[in-house]
Amino acid sequence: MFLQRGSRMLRRQLQASRAMGKMAVARGAAGGLAGHAPRWFTESRRLCAVKPVLLADIGEGIVECEVIQWFVEPGARVEEFSPLCEVQSDKASVEITSRFTGTVKKLYYEAGDMAKVGKPFVDIDIAGEAAAEPSTGGGEKEAAATTTPTPVLETPAQHASAGAPGAPSSSSGGGGSGEAKSRPKGKMATLATPAVRHLSKELKVDIAEIDGSGRDGRVLKEDLYKFVKSRESAGSGPQPATRDDGAAAQQQQTETRVALTQTQQQMFKAMTRSLAIPHFLYADELDLSNLVGLRARLNRVLAEQSSAGLGLSSDEASQQPPPTKLSYLPFIIKAVSMALYQFPLLNARVEVDAAGGRPSLVMRSQHNIGVAMDTPQGLVVPVVKNVGALSIVAIAGELGRLQRLAAAGRLSPGDMSGGTITVSNIGNIGGTYLSPVVVEREVAILGIGRMRAVPAFDAADRVVRKHVCNFSWSADHRVVDGATMARAAEVVRRVVEEPDVMVMHLR
């Protein structure tokens with residue numbers, strides 16, 4: 001009952017408001033309210049007059065399109081089905097038309113932006129049609145003052161037609177043909193098909209700079225080729241100097257050909273042949289804390305007894321001076337030699353029969369370990385011969401001799417040949433990890449990284465200071481598998497981490 005009474009009251013109020021509107025219109029026609037637009041009882045109709053136009057789905061599963069050009073701008077009046085803009089997808093360009101008649105209020109995108117399908121791309125005020133109707137009766141001055149001409153942006157079809165009503169007149173007398181040829185840039189992009197636009201990107205040409213010769217000013221492929229040809233001919237001519245000769249010479253790229261040194265030529269040839277070997281990398285982290293302590297104790301002994309030639313026989317002492325200080329490298333070289341006794345495959349070389357082309361392994365008895373050295377002349381790899389028969393002190397003395405000769409550039413061919421495996425110590429320069437290249441006529445190489453102090457837990461879960469170092473092995477994967485390399489690396493790790501084991505294997 002209460003709902004029926006409420007609905008009857010609302011109908012009566014609505015009828016009363018309509019009656020008041022008719023009376024206002026009648027009075028305006030009689031001249032009492034001449035020149036005034038009828039006032040509505042509520043303004044809700046005008047608030048809802050702006051209609052957003054959604055970008056319709058153009059098919060093929062496309063979710064966004066590039067806005068190529070706009071045919072309208074804010075403030076322009078459009079009719080239903082009149083073109084608003086042109087969008088381009090991956091497949092074709094499509095012209096979007098208006099669904100309403102009214103005035104353009106807002107453009108959501110600029111030319112070149114990507115418009116989302118199903119989202120608004122332009123707002124149209126459909127109430128502008130009612131406001132644009134001419135008022136009847138008197139008040140021409142007031143109507144003329146409140147009514148301003150709406151700017152209209154011509155579409156290509158309107159631009160091609162002559163004598164269109166409401167078209168802006170040219171500022172010069174014969175400017176009609178000139179305006180027909182020129183098109184505004186920026187928001188009004190140049191007309192072109194997707195194939196032509198793709199070609200313009202390949203040729204690196206701004207399509208907005210080209211005057212098209214096709215229908216409605218569309219740019220054709222011939223126009224692109226003509227533009228590129230004219231640009232190249234113009235660029236080959238004399239160019240005006242924009243900077244002084246000194247600044248131009250300062251920024252000019254110069255190239256100087258420098259011949260390789262003899263050492264670099266040998267390295268170029270050797271590494272070119274080495275990289276034909278299929279490599280694989282195996283890395284491990286070692287704790288050198290015990291080795292650090294042993295080395296410190298031995299260096300104190302060498303400092304006290306350097307004149308006696310500790311560790312060298314009388315024949316060795318007569319050939320070279322004894323070392324006064326040990327580095328970590330002699331211990332590592334000796335550990336590698338001890339591992340080669342258990343894994344002789346790593347001391348072999350691959351040889352291919354010249355007649356039949358069948359590969360074979362050549363096993364070698366002596367451990368001739370090459371050591372990569374950085375010299376002023378470049379990278380050299382002298383060889384410490386027969387490491388298995390040498391002590392730690394003897395290895396250190398031989399390394400000292402080879403280093404002095406390498407620094408002076410006086411290494412003999414005998415010092416550089418006969419290597420069976422190589423050790424490269426990059427840690428003294430600063431590298432932590434490396435991927436060494438296997439030397440030709442060898443099957444394995446060891447790269448030593450920089451030793452660093454790190455906190456670690458001991459067996460009692462106490463934080464202690466440890467010295468760790470990374471060992472990186474590279475091997476010829478044609479004959480060495482990963483398991484063999486891992487087992488050999490484990491032997492080296494145990495010997496280096498427990499250097500006292502070397503005492504049991506002295507020869």
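Buried means under 20% relative accessible area, exposed means over 50%, and partly exposed lies in between, with a 1.4 Å probe and protein chains only. In this predicted model, local features need pLDDT of at least 70 and side-chain atom pairs count only at pLDDT 80 or more, while totals for chains, interfaces and linings use all residues. Residues are numbered from 1 along each chain as its sequence is written, and side-chain values use heavy atoms, with hydrogens and water left out.

**Exercise 1. State what share of the protein's residues counts as buried, and give its secondary structure totals.**

Step 1. Of 507 residues, 33% count as buried.

Step 2. The protein has 16 helices and 18 strands; these are DSSP runs numbered from the N terminus, helices being H or I of at least four residues and strands E of at least two.

Step 3. Contact means heavy atoms within 4.5 Å. Among contacts between residues at least 6 apart in sequence, 63% join residues at least 24 apart.

**Exercise 2. Classify the packing of helix α13 against helix α16.**

Step 1. Helix α13 covers residues 329–342 and helix α16 residues 482–497; their axes come within 9 Å and cross at roughly 140°. The axes are lines fitted to C-alpha atoms over the stretch in contact, and angles run from 0 to 180 degrees between N-to-C directions.

Step 2. α13 is therefore oblique to α16, since angles under 35 degrees count as roughly parallel, over 145 as roughly antiparallel, 65 to 115 as roughly perpendicular and the rest as oblique.

Step 3. On the α13 side the contact involves A335, V336, M338, A339 and Q342, which meet A488, V491, V492, V495 and V496 of α16. These residues divide into nine nonpolar, one polar and no charged; Ala, Val, Leu, Ile, Met, Phe, Trp, Tyr, Cys and Pro count as nonpolar, Asp, Glu, Lys and Arg as charged, and the others, Gly among them, as polar.

**Exercise 3. Is E64 buried or partly exposed, and what does its side chain contact?**

Step 1. E64 lies in strand β2, residues 64–70. Its relative accessibility is 30%, so E64 counts as partly exposed.

Step 2. Leaving aside neighbours within four places in sequence, E64 is in contact with M114, A115, K116 and V117.

Step 3. The E64 side chain makes a polar contact with the side chain of K116 at 2.9 Å. A polar contact is a pair of N or O atoms within 3.5 Å; within protein, one must be able to donate a hydrogen and the other to accept it, and residues adjacent in sequence count only if both atoms are side-chain atoms.
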